[in-house]
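I opened the model today to look up a few local details. My notes follow.

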Amino acid sequence: MRLRPRLRPLTRRFPGAVAMLAAAAVLIGGCDVARDAARDRIAGLRHVVAAAHARPTAVDHKAAHPKADSPKAGGLKGDGSRGPEWRLVWSDEFRGPARHRPDQAKWSFDRGGEPQWGNHEWQYYTDRPGNVSLDGHGNLAVTARHERVHEVRGKKCGFGPCDITSARLTTKGKFARAYGRFEARIKIPKGQGLWPAFWMLGANVDKVTWPANGEIDVMEALGRQPNTVHGTIHGPGYVAQGIENHTTLARGRSLADGFHTYRVDWAPGKLTWYLDGKPYGTACAGQLKHGQKWVFDHPHYLLLNLAVGGDWPGPPDRSTPFPARMLVDYVRVYGRVGR
């Protein structure tokens with residue numbers, strides 16, 4: 001608010017100021033998180049300058065973002081998603097009565113257990129309301145439970161004792177996109193063996209097998225380390241390890257204590273990860289080593305899941321709290337204006 005009166009005379013005296021700021025934003029590119037933060041600040045300043053000269057228009061922000069004024073939507077403020085560079089192209093706000101399924105025009109359910117997931121996970125995915133449903137308060141609840149269900153009784157279990165159920169949702173065949181801003185506001189669970197994730201897979205997966213189709217992990221967390229978020233890509237030559245970025249909350253804070261916004265900005269040849277609007281890591285085509293291949297410049301679809309056990313998080317134990325819930329306030333996808 002204080003910047004606007006000062007910027008107005010600057011742009012009147014120097015008509016090329018906005019263009020100079022735009023050029024600077026482009027020059028500050030590269031695969032460097034500090035430069036990305038500076039670029040975002042310059043881009044935001046450019047928006048303020050442009051707004052100072054724009055004629056006011058009546059915009060119903062509640063209609064565009066119905067949850068933006070709710071207490072839970074604090075993660076949206078200052079992340080630039082509502083700036084003039086971005087337009088909302090797909091979203092789910094998860095409104096509806098408790099125990100209702102999420103919108104089946106947007107989501108499908110992966111079902112079953114190992115070995116199909118390939119990580120030695122313990123859970124068996126279902127589409128039951130007890131594992132995946134709206135909570136009646138504007139959230140999607142993905143719940144892992146310690147129980148046996150009819151589908152797995154009497155069957156040989158791939159890994160673990162076959163007594164964990166959970167859910168995995170996907171937009172495969174319903175929505176996929178290349179490039180843009182992909183974000184979700186999520187409250188993760190904590191506990192040994194829990195593995196919540198918001199991620200994307202290449203939509204050509206039926207023709208090109210993983211990892212050559214590409215995997216972009218917007219958010220992964222380990223329940224035993226709930227203060228750290230991981231953002232990773234997997235492709236040919238970086239399969240198990242992946243190219244990984246992470247950031248850790250200070251002063252012993254936990255991502256499981258409340259909702260946080262997890263986001264990736266995706267441009268040709270480059271991805272940048274954010275936690276609550278702050279960048280913490282990048283991946284670029286130019287940083288790949290010999291034998292590695294960039295496979296991300298094509299549409300990907302979205303996934304949400306709460307896995308239990310597996311090679312990375314390890315198995316649950318007696319301290320793991322069940323039922324364990326991952327709450328999703330919203331998932332939103334933005335595209336750049338004009339693209």
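I count two strands as paired if DSSP finds at least two bridges between them. The model I am reading is predicted.

Sheet entry. I looked up E11 (residues 228-235) and found 7 bridges joining this strand to E12, with the two running antiparallel. Across that pair, Thr232 stands opposite Glu244 in E12. I then traced the open sheet of 7 strands, which has the order E2-E7-E16-E9-E10-E11-E12 and antiparallel pairing. Strand E2 (108-110) and strand E12 (238-248) are at the edges with a single partner strand each, so one side of each has no neighbour in the sheet. I noted an average twist of 20° from one strand to the next.

Arg177 entry. I found Arg177 in the loop between strand E7 (168-170) and strand E8 (180-187). What does its side chain reach? I see the backbone oxygen of Tyr179 at 2.9 Å. Arg177 is buried but has no salt bridge. Asp265, the nearest side chain of opposite charge, is 11 Å away.

Backbone entry. Most peptide bonds are trans, and most residues other than glycine have a negative phi. I looked for exceptions. The bond from Glu114 to Pro115 is cis, with omega near 15°. Pro115 sits in the loop between E2 and strand E3 (124-125). His120 is also placed in the loop between E2 and E3. Its phi is positive, near 60°, and His120 counts as partly exposed at 37% relative accessibility. Phe322 and Pro323 are joined by a cis peptide bond, omega about -5°. I placed Pro323 in the loop between strand E16 (300-308) and strand E17 (324-336).

Notes
Residues numbered from 1 in each chain as written. Predicted model: local features only at pLDDT ≥ 70, side-chain atom pairs only at ≥ 80, totals over all residues. Heavy atoms only, no water. Helix = DSSP H or I, 4+ residues; strand = E, 2+ residues; numbered from the N terminus. Buried < 20%, exposed > 50% of the residue type's maximum accessible area, 1.4 Å probe, protein only. Lys, Arg positive; Asp, Glu negative; His and termini not counted. Salt bridge = Lys/Arg side-chain N within 4 Å of Asp/Glu carboxyl O. Polar contact = N/O pair within 3.5 Å; in protein donor to acceptor, adjacent residues only side chain to side chain. Axes fitted to C-alpha atoms, helices over the stretch in contact; angles between N-to-C directions.
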